Amino acid sequence: MSFPTFEHKPLGDIATITMGATVSYYSKTALEGEEQARLITASCLSPSGSIDASKLTNVWMIKDTYEKFLAESGDVLLLTRGNFRAVCIDSADEDYDLLVSANFAIIRPQFDLHPRALKELLSMPAVIDDLAAPISANKSIRTKELKQLQVPLLPYEVQKQIIELAEARDLAYGATLELAKAQLDAANTRIAEIMGA
């Protein structure tokens with residue numbers, strides 16, 4: 001996919017890209033004396049594109065070289081298998097380390113590329129279609145293609161506009177979900193009352 005009017009660079013030139021930790025790096029069973037972290041998996045992603053902290057899993061580190069798999073504030077995580085989604089780490093929790101699982105690419109933007117703007121780019125269906133390569137019955141995004149993705153070098157004001165629109169969209173989506181849940185709960189309560197339950 002190409003973006004007109006803006007200079008482009010390969011994502012690998014303007015961001016560091018690392019795949020998440022394989023299971024050989026951690027244990028879900030408590031290991032006495034080992035460092036502990038919270039694991040980000042695909043099931044932790046909410047429909048609105050954020051991380052649901054209640055779904056993070058406690059893990060204990062097996063290998064000492066796991067720091068490169070820890071999420072940092074400003075990282076963009078891209079789920080590279082199954083239902084491709086991107087999430088931005090707005091702020092890492094100081095109480096525990098966030099370990100990124102192997103189904104994610106950890107993208108750490110450099111230069112003047114804002115993480116939220118990059119997240120929006122990586123969430124566009126046309127971009128995902130270009131990146132996703134078939135592997136047997138499933139599709140996945142390979143690091144090589146991700147590094148070669150041509151990213152528009154957007155001016156600050158354009159990035160700011162994208163971020164503001166995305167935030168407004170996310171707020172509206174969240175409000176709609178809350179309203180739908182309230183209506184569902186009210187209807188279920190009334191049905192139960194009518195049935196004498």
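Residues 24 or more positions apart account for 77% of the contacts in the protein that have a separation of 6 or more, where contact means heavy atoms within 4.5 Å. The model is predicted, so local features need pLDDT of at least 70 and side-chain atom pairs count only at pLDDT 80 or more, while totals for chains, interfaces and linings use all residues. Residues are numbered from 1 along each chain as its sequence is written, and side-chain values use heavy atoms, with hydrogens and water left out.

**Overall make-up**

- The secondary structure comes to five helices and twelve strands; helices (H or I, at least four residues) and strands (E, at least two) are DSSP runs, numbered from the N terminus.
- Along its principal axes, the C-alpha trace of the protein spans about 65 × 50 × 40 Å.
- Of the 197 residues in the protein, 36% are buried. Buried means under 20% relative accessible area, exposed means over 50%, and partly exposed lies in between, with a 1.4 Å probe and protein chains only.

**The four-stranded sheet**

- An open sheet is formed by four strands in the order E2-E9-E6-E7, with antiparallel pairing; two strands pair if DSSP finds at least two bridges between them.
- Strand E2 (15-19) and strand E7 (86-88) are the edge strands, each pairing on one side only.
- From one strand to the next, the twist averages 20°.

**Strand E6 and its partners**

- Strand E6 (residues 76-79) pairs with E7 in the antiparallel sense over three bridges.
- Within this pairing, Val76 has Cys88 in E7 as its bridge partner, and Leu77 has Val87 in E7.
- E6 and E7 form a hairpin with six residues between them, and Gly82 in the turn has a positive phi of about 75°.
- E6 is also joined to E9 by four bridges, and these two strands run antiparallel. Leu79 stands opposite Phe104 in E9.
- Val76 and Leu78 point one way from E6, whereas Leu77 and Leu79 point the other way; all are buried.

**Helix H2 against the sheet and helix H5**

- Helix H2 (residues 115-122) lies across E6, E7 and strand E9 (104-109), and runs at about 170° to E7. Axes are lines fitted to C-alpha atoms, for helices over the stretch in contact, and angles run from 0 to 180 degrees between N-to-C directions.
- The axes of H2 and helix H5 (residues 156-194) come within 9 Å and cross at roughly 70°. That makes H2 roughly perpendicular to H5, a term for angles of 65 to 115 degrees; under 35 counts as roughly parallel, over 145 as roughly antiparallel and the rest as oblique.
- The crossing of H2 and H5 is left-handed, meaning that the near helix is turned anticlockwise from the far one by less than a right angle; clockwise would be right-handed.
- On the H2 side, Arg116, Ala117, Lys119 and Glu120 meet Gln159, Ile162, Ile163, Ala166, Glu167, Arg169 and Asp170 in H5.
- By class, this contact of H2 with H5 has four nonpolar, one polar and six charged residues. Ala, Val, Leu, Ile, Met, Phe, Trp, Tyr, Cys and Pro count as nonpolar, Asp, Glu, Lys and Arg as charged, and the others, Gly among them, as polar.

**Leu149 in a loop**

- Leu149 lies in the loop between helix H4 (143-148) and strand E12 (150-152).
- Leu149 is buried, with a relative accessible area of 11%.
- Not counting residues up to four places away in sequence, Leu149 touches Lys9, Pro10, Leu11, Leu122, Val127 and Leu131.
- Leu149 and Leu31 are 118 residues apart in sequence and, C-alpha to C-alpha, 40 Å apart in space.
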